[in-house]
Amino acid sequence: MEEQLIPPETLTSFHNFITSPNCKTILALVGAGLSSASGLPTFRGSGGYWRHYNSIDLATPDAFERDPGLVWQFYSYRRHMALMAQPNAGHQTLAQLSHNDKINFLTITQNVDGLSQRANHDSRKLIELHGSLFCLKCTNFTCSYSDPANFKDPLTDSLDASSLVHDKGNTEDLPFLSDDKLPHCPACETGLLRPGVVWFGESLPWVSVDKTDEFIMRNHVDLILVVGTSGVAWPAASYVDIVKNQGGKVAVFNIERDDTDTESWQFIGDCSKILPVALDPLIDQVNVRSEVQ
Ligand SMILES: [Zn+2]
(Lines give C-alpha, C1' and ligand atoms only; values in the text may rest on other atoms or scores of the structure.)
Protein backbone atom coordinates (compact mmCIF):
# COMPACT_ATOMS: atom_id res chain seq x y z
CA MET A 1 0.00 0.00 0.00
CA GLU A 2 2.68 2.46 1.05
CA GLU A 3 4.85 1.48 -1.87
CA GLN A 4 2.40 3.30 -4.12
CA LEU A 5 3.24 6.57 -2.37
CA ILE A 6 6.84 6.29 -3.51
CA PRO A 7 7.43 6.72 -7.25
CA PRO A 8 8.62 3.26 -8.41
CA GLU A 9 11.59 4.72 -10.32
CA THR A 10 12.79 6.49 -7.14
CA LEU A 11 12.51 3.29 -5.11
CA THR A 12 14.26 1.16 -7.75
CA SER A 13 17.11 3.61 -8.17
CA PHE A 14 17.55 3.87 -4.37
CA HIS A 15 17.42 0.10 -3.86
CA ASN A 16 19.96 -0.42 -6.65
CA PHE A 17 22.34 1.96 -4.89
CA ILE A 18 21.97 0.67 -1.31
CA THR A 19 22.50 -2.93 -2.44
CA SER A 20 25.53 -2.06 -4.58
CA PRO A 21 29.15 -2.47 -3.42
CA ASN A 22 29.36 1.34 -3.50
CA CYS A 23 27.18 1.66 -0.40
CA LYS A 24 29.12 0.53 2.66
CA THR A 25 28.89 3.51 5.02
CA ILE A 26 25.60 5.18 5.93
CA LEU A 27 24.95 8.13 8.21
CA ALA A 28 21.37 8.84 9.38
CA LEU A 29 20.45 12.26 10.67
CA VAL A 30 17.14 12.14 12.54
CA GLY A 31 14.82 14.98 13.54
CA ALA A 32 11.41 15.59 15.06
CA GLY A 33 9.44 14.20 12.11
CA LEU A 34 10.35 10.65 13.05
CA SER A 35 8.90 10.94 16.56
CA SER A 36 5.83 12.95 15.53
CA ALA A 37 4.62 9.69 13.97
CA SER A 38 4.68 8.30 17.52
CA GLY A 39 2.51 11.23 18.64
CA LEU A 40 5.17 13.28 20.40
CA PRO A 41 5.27 17.07 20.14
CA THR A 42 8.74 18.60 20.22
CA PHE A 43 8.11 22.03 21.78
CA ARG A 44 10.86 23.56 19.70
CA GLY A 45 10.46 26.46 17.32
CA SER A 46 7.19 28.27 16.69
CA GLY A 47 4.18 26.79 18.40
CA GLY A 48 6.44 25.53 21.15
CA TYR A 49 3.95 26.07 23.95
CA TRP A 50 3.28 23.87 26.95
CA ARG A 51 0.05 24.96 28.65
CA HIS A 52 0.42 28.77 28.62
CA TYR A 53 4.19 28.65 28.98
CA ASN A 54 6.44 29.23 26.00
CA SER A 55 8.95 26.39 25.86
CA ILE A 56 11.72 28.90 25.19
CA ASP A 57 11.03 30.28 28.69
CA LEU A 58 11.28 26.76 30.19
CA ALA A 59 14.22 25.25 28.31
CA THR A 60 17.08 27.51 29.37
CA PRO A 61 19.67 27.49 32.17
CA ASP A 62 18.20 30.83 33.38
CA ALA A 63 14.73 29.33 33.67
CA PHE A 64 16.10 26.46 35.77
CA GLU A 65 18.04 28.90 37.96
CA ARG A 66 14.91 31.01 38.46
CA ASP A 67 12.32 28.26 39.04
CA PRO A 68 13.66 24.68 38.88
CA GLY A 69 10.28 23.33 40.07
CA LEU A 70 8.47 24.73 37.03
CA VAL A 71 11.15 23.48 34.63
CA TRP A 72 11.05 20.04 36.28
CA GLN A 73 7.23 19.91 35.87
CA PHE A 74 7.64 20.59 32.14
CA TYR A 75 10.29 17.89 31.79
CA SER A 76 8.38 15.43 33.98
CA TYR A 77 5.45 15.83 31.62
CA ARG A 78 7.69 15.21 28.62
CA ARG A 79 9.32 12.16 30.26
CA HIS A 80 5.89 10.77 31.05
CA MET A 81 4.56 11.34 27.52
CA ALA A 82 7.69 9.84 25.93
CA LEU A 83 7.31 6.76 28.13
CA MET A 84 3.65 6.42 27.10
CA ALA A 85 4.65 6.61 23.41
CA GLN A 86 6.05 3.65 21.50
CA PRO A 87 8.92 3.55 19.01
CA ASN A 88 7.42 3.36 15.52
CA ALA A 89 8.45 1.31 12.49
CA GLY A 90 10.83 4.08 11.43
CA HIS A 91 12.76 3.89 14.73
CA GLN A 92 12.76 0.11 14.41
CA THR A 93 14.07 0.19 10.85
CA LEU A 94 17.06 2.34 11.83
CA ALA A 95 17.61 0.14 14.89
CA GLN A 96 17.66 -2.93 12.64
CA LEU A 97 20.12 -1.27 10.30
CA SER A 98 22.39 -0.61 13.32
CA HIS A 99 22.59 -4.41 13.77
CA ASN A 100 23.47 -5.08 10.11
CA ASP A 101 27.17 -5.92 10.37
CA LYS A 102 27.74 -5.43 6.66
CA ILE A 103 26.99 -1.70 6.88
CA ASN A 104 29.16 0.83 8.70
CA PHE A 105 26.37 2.88 10.25
CA LEU A 106 25.77 5.79 12.62
CA THR A 107 22.53 7.53 13.64
CA ILE A 108 22.67 11.09 14.90
CA THR A 109 19.34 12.02 16.44
CA GLN A 110 18.22 15.48 17.46
CA ASN A 111 15.34 13.91 19.41
CA VAL A 112 15.52 13.65 23.20
CA ASP A 113 12.65 11.17 23.67
CA GLY A 114 14.68 7.95 24.01
CA LEU A 115 12.57 6.18 21.35
CA SER A 116 15.55 5.06 19.25
CA GLN A 117 17.15 3.63 22.39
CA ARG A 118 13.90 1.82 23.25
CA ALA A 119 13.70 0.46 19.67
CA ASN A 120 16.93 -1.41 20.55
CA HIS A 121 19.22 0.72 18.40
CA ASP A 122 22.85 -0.31 18.93
CA SER A 123 23.94 2.30 21.50
CA ARG A 124 27.48 2.40 20.06
CA LYS A 125 26.00 3.61 16.78
CA LEU A 126 23.58 6.18 18.25
CA ILE A 127 24.40 9.79 19.10
CA GLU A 128 21.80 11.84 20.92
CA LEU A 129 23.00 15.25 19.79
CA HIS A 130 20.62 17.21 22.03
CA GLY A 131 20.90 14.83 24.99
CA SER A 132 18.02 12.83 26.44
CA LEU A 133 15.00 13.39 28.67
CA PHE A 134 16.14 10.25 30.48
CA CYS A 135 19.62 11.47 31.26
CA LEU A 136 19.97 13.18 34.66
CA LYS A 137 22.89 15.44 35.54
CA CYS A 138 23.99 17.04 38.80
CA THR A 139 23.96 20.86 38.79
CA ASN A 140 26.59 21.11 41.53
CA PHE A 141 29.58 22.71 39.84
CA THR A 142 32.03 20.50 41.71
CA CYS A 143 30.14 17.24 41.04
CA SER A 144 30.28 15.34 37.75
CA TYR A 145 27.48 12.83 38.49
CA SER A 146 25.27 11.84 35.59
CA ASP A 147 22.84 8.97 35.04
CA PRO A 148 22.52 8.33 31.29
CA ALA A 149 19.38 6.17 31.41
CA ASN A 150 16.94 6.84 34.24
CA PHE A 151 13.39 5.87 33.24
CA LYS A 152 11.77 6.32 36.67
CA ASP A 153 8.35 7.97 36.43
CA PRO A 154 7.59 10.04 38.42
CA LEU A 155 11.03 11.04 39.66
CA THR A 156 9.56 12.35 42.93
CA ASP A 157 6.01 12.26 44.35
CA SER A 158 5.54 15.97 43.53
CA LEU A 159 6.56 15.45 39.92
CA ASP A 160 3.75 13.05 39.02
CA ALA A 161 2.85 14.41 35.57
CA SER A 162 0.25 11.81 34.65
CA SER A 163 -2.62 14.25 35.31
CA LEU A 164 -1.02 17.30 33.67
CA VAL A 165 -2.27 18.37 30.29
CA HIS A 166 -0.53 20.03 27.41
CA ASP A 167 -3.46 22.24 26.31
CA LYS A 168 -2.22 25.72 25.45
CA GLY A 169 -5.55 27.16 26.58
CA ASN A 170 -4.85 26.03 30.13
CA THR A 171 -3.81 29.26 31.85
CA GLU A 172 -3.76 27.86 35.36
CA ASP A 173 -0.34 28.32 36.94
CA LEU A 174 1.30 25.17 38.21
CA PRO A 175 2.00 24.83 41.94
CA PHE A 176 5.34 26.21 43.13
CA LEU A 177 7.66 23.36 44.06
CA SER A 178 10.46 24.05 46.52
CA ASP A 179 13.83 22.35 46.02
CA ASP A 180 13.09 19.64 48.59
CA LYS A 181 10.33 18.33 46.27
CA LEU A 182 12.78 17.88 43.38
CA PRO A 183 15.29 15.13 42.54
CA HIS A 184 18.69 15.45 44.21
CA CYS A 185 22.05 13.99 43.32
CA PRO A 186 22.75 10.62 44.99
CA ALA A 187 26.53 11.27 44.81
CA CYS A 188 27.06 14.68 46.44
CA GLU A 189 23.56 14.70 48.05
CA THR A 190 23.34 18.51 47.86
CA GLY A 191 23.09 19.28 44.14
CA LEU A 192 19.77 19.41 42.32
CA LEU A 193 19.55 17.07 39.36
CA ARG A 194 18.59 18.56 35.99
CA PRO A 195 17.46 16.99 32.72
CA GLY A 196 20.42 16.02 30.53
CA VAL A 197 19.15 17.85 27.48
CA VAL A 198 20.77 20.71 25.60
CA TRP A 199 18.94 23.90 26.48
CA PHE A 200 18.64 27.05 24.40
CA GLY A 201 21.87 28.97 24.77
CA GLU A 202 23.92 25.86 25.61
CA SER A 203 26.45 24.32 23.26
CA LEU A 204 26.13 20.77 21.96
CA PRO A 205 28.06 18.18 24.00
CA TRP A 206 31.58 18.08 22.59
CA VAL A 207 31.78 14.29 22.96
CA SER A 208 28.83 13.89 20.56
CA VAL A 209 30.13 16.46 18.11
CA ASP A 210 33.59 14.87 18.17
CA LYS A 211 32.25 11.36 17.63
CA THR A 212 30.15 12.57 14.69
CA ASP A 213 33.03 14.47 13.11
CA GLU A 214 35.31 11.48 13.58
CA PHE A 215 32.82 9.14 11.89
CA ILE A 216 32.46 11.46 8.92
CA MET A 217 36.14 12.28 8.56
CA ARG A 218 37.47 8.75 9.13
CA ASN A 219 35.02 7.12 6.74
CA HIS A 220 33.93 7.93 3.28
CA VAL A 221 30.18 8.31 3.85
CA ASP A 222 28.43 6.81 0.83
CA LEU A 223 24.93 7.82 1.84
CA ILE A 224 23.33 10.24 4.31
CA LEU A 225 19.70 9.66 5.29
CA VAL A 226 18.01 12.90 6.37
CA VAL A 227 14.97 11.72 8.33
CA GLY A 228 12.15 13.90 9.64
CA THR A 229 14.10 17.12 9.44
CA SER A 230 14.93 19.62 6.77
CA GLY A 231 18.14 18.93 4.90
CA VAL A 232 18.76 22.66 4.56
CA ALA A 233 18.70 23.67 8.25
CA TRP A 234 21.64 23.47 10.63
CA PRO A 235 23.11 21.05 11.64
CA ALA A 236 21.81 18.75 8.89
CA ALA A 237 22.92 21.12 6.16
CA SER A 238 26.55 21.08 7.23
CA TYR A 239 26.67 17.26 7.42
CA VAL A 240 24.90 16.97 4.06
CA ASP A 241 27.45 19.35 2.52
CA ILE A 242 30.40 17.39 3.86
CA VAL A 243 28.99 14.08 2.60
CA LYS A 244 28.24 15.59 -0.82
CA ASN A 245 31.76 17.01 -1.03
CA GLN A 246 33.08 13.52 -0.29
CA GLY A 247 31.05 12.28 -3.27
CA GLY A 248 28.31 10.69 -1.13
CA LYS A 249 24.61 10.52 -1.94
CA VAL A 250 21.67 12.07 -0.06
CA ALA A 251 18.21 10.65 0.65
CA VAL A 252 15.59 12.82 2.34
CA PHE A 253 12.59 11.40 4.22
CA ASN A 254 10.22 14.22 5.09
CA ILE A 255 6.63 15.35 4.75
CA GLU A 256 7.48 18.21 2.39
CA ARG A 257 9.20 18.08 -0.96
CA ASP A 258 12.09 20.45 -1.58
CA ASP A 259 11.68 21.47 -5.22
CA THR A 260 15.07 23.17 -5.26
CA ASP A 261 16.80 19.86 -4.49
CA THR A 262 17.20 17.93 -7.72
CA GLU A 263 20.13 15.73 -6.68
CA SER A 264 18.73 13.80 -3.68
CA TRP A 265 16.32 10.91 -3.49
CA GLN A 266 13.24 12.43 -1.92
CA PHE A 267 10.78 10.19 -0.06
CA ILE A 268 7.78 12.29 0.83
CA GLY A 269 5.34 11.22 3.52
CA ASP A 270 5.19 9.72 7.01
CA CYS A 271 8.73 8.50 7.66
CA SER A 272 7.50 5.74 9.97
CA LYS A 273 5.83 4.20 6.90
CA ILE A 274 8.34 5.05 4.19
CA LEU A 275 11.61 4.17 5.95
CA PRO A 276 10.77 0.44 6.27
CA VAL A 277 9.96 0.28 2.55
CA ALA A 278 12.99 2.25 1.42
CA LEU A 279 15.52 0.39 3.60
CA ASP A 280 13.91 -3.04 3.27
CA PRO A 281 16.82 -4.62 1.32
CA LEU A 282 19.22 -3.88 4.20
CA ILE A 283 17.02 -5.21 6.98
CA ASP A 284 17.05 -8.77 8.22
CA GLN A 285 13.40 -9.78 7.99
CA VAL A 286 13.63 -12.42 10.73
CA ASN A 287 14.94 -9.86 13.19
CA VAL A 288 12.32 -7.31 12.22
CA ARG A 289 9.54 -9.73 13.07
CA SER A 290 11.02 -10.57 16.45
CA GLU A 291 11.47 -6.87 17.26
CA VAL A 292 7.88 -5.99 16.50
CA GLN A 293 6.42 -8.60 18.86
ZN1 LIG B 1 26.15 15.81 42.63
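The legends below describe close-up views of a predicted model.

In this predicted model, local features need pLDDT of at least 70 and side-chain atom pairs count only at pLDDT 80 or more, while totals for chains, interfaces and linings use all residues. Residues are numbered from 1 along each chain as its sequence is written, and side-chain values use heavy atoms, with hydrogens and water left out.

**View 1. Cysteines without a disulfide.** Zero disulfides are found in a search of the whole structure, a disulfide being a pair of cysteine sulfur atoms within 2.5 Å. For Cys23, the closest cysteine sulfur belongs to Cys271 and lies 19 Å away, too far for a bond. Cys23 is buried, with a relative accessible area of 1%, and Cys143 is also buried, at 16% (buried means under 20% relative accessible area, with a 1.4 Å probe and protein chains only).

**View 2. The open sheet 7-6-8.** Three strands form this antiparallel sheet in the order 7-6-8; strands are DSSP runs of E of at least two residues, and helices are runs of H or I of at least four, numbered from the N terminus. Strand 7 (146-147) and strand 8 (193-197) stand at the edges with a single partner strand each, so one side of each has no neighbour in the sheet. Strand 6 (residues 131-138) pairs with strand 7 over two bridges, pairing requiring at least two DSSP bridges, and Leu136 stands opposite Asp147 in strand 7.

**View 3. The enclosed helix 9.** Six of the eight residues of helix 9 (residues 271-278) are buried, so this helix is largely enclosed by the rest of the structure. Among the buried residues are Cys271, Ile274 and Leu275.

Key
Buried means under 20% relative accessible area, exposed over 50%, partly exposed in between (1.4 Å probe, protein chains only).
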